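Biologist: Hi! Could you walk me through this one? I have a few quick questions.

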Amino acid sequence: MAARKIQEKLSKKEVIDQVQKWGGMMQTGVSLRYMMEFGSRPTPRNLLISAQFLHKELPIRIARRAIELDSLPYGLSNKPAVLKVRDWYLDSFSDLRSFPAIKDNHDELEFTQMIDMIKVRHNNVVPMMAMGVQQLKKDLKPKVDYEHFDDIHQFLDRFYMSRIGIRMLIGQHVALHDPNPPPDCVGYIHTKMSPVEVARSASEDARSICLREYGSAPDVSIYGDPNFTFPYVPTHLHLMVFELVKNSMRAVQERFMDSDKVAPPIRIIVADGAEDVTIKVSDEGGGIPRSGLPKIFTYLYSTAKNPLDEHMDLDLGSGNTATMAGFGYGLPISRLYARYFGGDLQIISMEGYGT
């Protein structure tokens, strides 16, 4: 087990001192193309080189976020959910810094086991941070203009974008150890990903949540060539489409809930352009009021009720925080996933019709 390899744990003071030191170092960017080319040859030597890189790179990235988590404005750092996330980051930093130099493939395998456990530890960071933001929102005066909290929004953008990068680096390294990888896959990256198939899977997942919440769900119509493929990370696209379809379903359900009319379907169009792949998700859920458009990519805004009001028994420790809406992070997180590899997410609303 990886635990055998870890040297004596750092003291709390040593962890804090080292976090400050490593948080001041520069991180190294890694492109999708480089990950594909390097990962296409997962030889023992390449895996050793990758582990040695991560042994130095991950503490830098984790330390930078731990420092920021300790100095957030408006008392956000002191919210119970944020304190729990900070402790996860400090524990992971300590694990990485306690692991000795990686010299051979035996070390590399034990290191891989450890960072995989770190990745699992951080599985619920996004809903936990969203819970912290909701705790802050609940404590603030109702008339506070949340979208003006630029420093919180900018921090959360940096924090979540960094998390995407950390999980991509760990997940890619771990996946390269699969002795029987799926066809056309290089670690996390699918070299021939079908966006139509990913959209279909994500829509089915969103529909199941809608059925659970409302008892019914609109149909989803998908248009595009299922044989069209391009290299991308399927889990990233799945998350984006899932969040967009989930939002559309909620809007349609709530608009047609008491209507005699059949709820119109959500439409997804996949277009293969000369320079870009474009995926359009459209609905007839009534659209977003013009006054709400500037707020939709902020983390303190949601048109749904605060989940802390709806589910007072939510357990901060379990990470069991899946609700149809209300945390206010679906759209901004989806946009970060789109931007991580150079894309974007745009919202166009026609109030009175749909989005």
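Biologist: By class, which residues make up the lining of the second largest pocket?

Modeller: Its lining has 9 nonpolar, 6 polar and no charged residues. Here Ala, Val, Leu, Ile, Met, Phe, Trp, Tyr, Cys and Pro count as nonpolar, Asp, Glu, Lys and Arg as charged, and the others, Gly among them, as polar. Before we go on: this is a predicted model, where local features need pLDDT of at least 70 and side-chain atom pairs count only at pLDDT 80 or more, while totals for chains, interfaces and linings use all residues. Residues are numbered from 1 along each chain as its sequence is written, and side-chain values use heavy atoms, with hydrogens and water left out.

Biologist: Thanks! Which residues lie nearest the centre of that pocket?

Modeller: Val30, Tyr34, Phe38, Ser50 and Phe53 do, out of 15 lining residues. Helix 3 (32-39), helix 4 (44-69) and helix 8 (150-175) are the elements giving two or more residues to this lining. Helices (H or I, at least four residues) and strands (E, at least two) are DSSP runs, numbered from the N terminus. The volume of the second largest pocket is about 270 Å³.

Biologist: And how many cavities of 30 Å³ or more are there?

Modeller: The count comes to 1 cavity of 30 Å³ or more. On a 1 Å grid over the protein atoms alone, a cavity is a set of points where a 1.4 Å probe fits but cannot get out, and a pocket is an open set with protein on both sides within 12 Å along at least five of seven lines; lining residues have an atom within 4 Å of a point. Grid points are joined across faces, edges and corners, and a volume is the space filled by probe spheres set on the points.

Biologist: Which helix gives the most to the lining of the largest cavity?

Modeller: Helix 8 does, with 4 residues. The lining of the largest cavity includes Tyr89, His122, Arg163 and Arg167, and by class has 5 nonpolar, 1 polar and 3 charged residues. About 70 Å³ of space lies inside.

Biologist: Changing topic: how many salt bridges does the structure hold?

Modeller: There are 15, each a side-chain nitrogen of Lys or Arg within 4 Å of a carboxyl oxygen of Asp or Glu. One of them joins Glu68 and Arg65 (3.0 Å, N to O). Both residues lie in helix 4, 3 residues apart, about one turn of the helix. Arg65, Glu68 and Arg158 are also linked in a salt-bridge network.

Biologist: Is Arg65 buried or exposed?

Modeller: Arg65 is buried, because its relative accessible area is 7%; buried means under 20%, exposed over 50%, partly exposed in between (1.4 Å probe, protein chains only). Glu68 is buried too, at 17%. In another pair, Lys13 and Asp17 meet in a salt bridge at 2.8 Å, N to O. There, Lys13 is exposed at 60%, and Asp17 is partly exposed at 40%.

Biologist: Last one: in which sense do strand 1 and strand 2 pair?

Modeller: Strand 1 (residues 185-186) and strand 2 (residues 189-193) are antiparallel, with 2 bridges; two strands pair if DSSP finds at least two bridges between them. They make a hairpin with 2 residues between them, and Gly187 in the turn has a positive phi of about 65°. Val186 sits opposite Ile189. Strand 2 also runs antiparallel to strand 4 (residues 230-232), joined by 2 bridges, and His190 has Tyr232 as its bridge partner there.
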